[in-house]
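Morning, everyone. Please bring up the model on your screens, and keep the sequence beside it. I'll go from the whole chain down to single residues.

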Amino acid sequence: VIMGINSADDVFVNRAVTGWHDPKDFHQAVAFDLLANPNLLPGAPEEVRIDAVVHRDFIDEDGEKRLDVLLVGVNPEIVDTQVQILQKAGLNIAGADLAGMAMLRSGQTFNRGDGQLDVLVDIGQEVVSVLIHENGRPYAIRLQKGAGGADADRIIRDAILDDTPARIQRLKSAPEAAAPEDRAKLLSALEEYSFKVYTAIEKAVAGYLKAHPPTEENPTSIETITLTGGGALMPTLAATLSNSFRVPVQIAAFDPTIAGDPVMFQQENVMSTSFTAAVGLAMG
C-alpha cells in the first residue's frame, strides 16, 4: 500500500515452513534461514529486507518443532528510494508518520473547539508513536523507544522469571490468570510498564507545548488520550494514564462513517485496535 503498484516486482511473498525460533530473535533467525535456503522466498535478492507473520507452530513427522509462516520481503533498493522521498518531504523515516496518519484517518475523532487537543498513542512492538491532533488535524508526532510491547514482555519475564512467550502474552491481557505467588509481581511489572508509556506521552506533550506555548489568546489543553495497537488492551494501562494526566483515556474505535460494518473487526466483544493502521492505509 505504501510503495504503490509500480513496485510490485520488488515485493516477494511466500507461505513457508521454517525451523522453530524464539519470538524475541525470530526475524534475525529467519534472515539466516533465507541465506541457507533461498527457496523459502523465491526470487528475492540476497539482501532482501524481510518481515514475517507466524500462523502457527507444530511438530513435524520427525518430531521437530516447526513454524508455519508468511514471509514478506522487499528489494532494499526500492526501500532506499522511498526513504529518500520521505526525507525530502520532511517526514520521519521510522514510520511513525505513515502509521500515525493512517490511524488518524480510520479512527473516531471528536468535534472540539480551537486549542482542545487529543493524543493518539500507538503501542507497537518496538516503539510507541504519539500523535497530537485537533479534530483530526495532526499537529505533532513523536516516536519513543523503550516502551513498546517487547519492553512489556521483558519486564514481565524478569518479574515472574518465566520466558515462555505464550504465557507472557496471556498474562499481559489477563493478569488474574497468574499463579497466586506471581500475581503481585505481575501487577508491579504492569505498573512499571505503564509508567514507561506515561513517560513517552509526557515527553511528546511537553515538547509540543514548549514549541507552541499556550497563551490567553491561544489556550491549549489535552482533552483525551486514545490508545491503539496490540498493547493498548493491557490492564492497568488506561487507568494509570488517566490518573497521571487527569484526562479520559479510551481504546481506539473505528470511525463509524467507514464504509462497511465495523463489527467485522470485533474480537471477543472488544473492538480490535490491531487493524486501525492497516485500514487507514487501505483507505488512503
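Eight helices and ten strands make up the secondary structure of the protein chain. Those elements are DSSP runs, numbered from the N terminus: helices are H or I with at least four residues, strands are E with at least two. A word on the source: this is a predicted model, where local features need pLDDT of at least 70 and side-chain atom pairs count only at pLDDT 80 or more, while totals for chains, interfaces and linings use all residues. Residues are numbered from 1 along each chain as its sequence is written, and side-chain values use heavy atoms, with hydrogens and water left out.

Now the chain totals. Of the 284 residues in the protein chain, 37% are buried. Buried means under 20% relative accessible area, exposed means over 50%, and partly exposed is in between, with a 1.4 Å probe and protein chains only. The chain exposes about 15,900 Å², and carbon and sulfur atoms supply 52% of that. Those areas come from the Shrake-Rupley method with a 1.4 Å probe. Next, contacts, meaning heavy atoms within 4.5 Å. Take the contacts in the protein chain with a separation of 6 or more: residues 24 or more positions apart account for 60% of them.

On to helix packing. Start with helix 4, residues 149-160, and helix 5, residues 165-173. Their axes are 10 Å apart, and the packing angle is about 100 degrees. That makes helix 4 roughly perpendicular to helix 5. The axes are lines fitted to C-alpha atoms, for helices over the stretch in contact, and angles run from 0 to 180 degrees between N-to-C directions. The cut-offs: under 35 degrees is roughly parallel, over 145 roughly antiparallel, 65 to 115 roughly perpendicular, and the rest oblique.

Who touches whom? From helix 4 come Gly 149, Ala 152, Asp 153, Ile 156, Arg 157 and Ile 160; from helix 5, Arg 167, Ile 168, Gln 169, Leu 171 and Lys 172. By class, the contact of helix 4 with helix 5 has five nonpolar, two polar and four charged residues. Nonpolar here covers Ala, Val, Leu, Ile, Met, Phe, Trp, Tyr, Cys and Pro; charged covers Asp, Glu, Lys and Arg; the others, Gly among them, are polar.

Between those two helices there is a loop, and Leu 161 lies in it. Leu 161 is not a glycine, yet its phi is positive, about 55 degrees. Most residues other than glycine have a negative phi. Is Leu 161 buried or exposed? Exposed, with a relative accessible area of 75%.

Next pair: helix 4 and helix 6, residues 180-211. Their axes come within 9 Å and cross at roughly 150 degrees. Helix 4 and helix 6 are therefore roughly antiparallel to each other. Their crossing is right-handed. For handedness, left-handed means the near helix is turned anticlockwise from the far one by less than a right angle, and right-handed means clockwise. The helix 4 side of the contact includes Ile 155, Ile 156 and Ala 159, and the helix 6 side includes Leu 186, Ala 189 and Leu 190. The residues of this contact divide into nine nonpolar, one polar and six charged.

Ala 189 is buried, at 2% relative accessibility. Beyond its neighbours within four places in sequence, Ala 189 is in contact with Ile 155, Ile 156 and Ala 159.

Which loop holds Pro 175? The one between helix 5 and helix 6. Pro 175 is buried too, with a relative accessible area of 8%. Leaving aside neighbours within four places in sequence, Pro 175 is in contact with Arg 183, Leu 186, Leu 187, Leu 190 and Pro 235. Pro 175 and Leu 190 are 15 residues apart in sequence, and 8.9 Å apart from C-alpha to C-alpha.

Last pair: helix 6 and helix 7, residues 237-245. The axes come within 9 Å and cross at roughly 50 degrees. These two helices are therefore oblique to each other. Again, helix 6 passes helix 7 in a right-handed crossing. By class, their contact has six nonpolar, three polar and two charged residues.

One more loop residue. Arg 246 is found between helix 7 and strand 8, 249-251. Arg 246 has a positive phi of about 60 degrees, although it is not a glycine. Arg 246 is exposed, with a relative accessible area of 75%.
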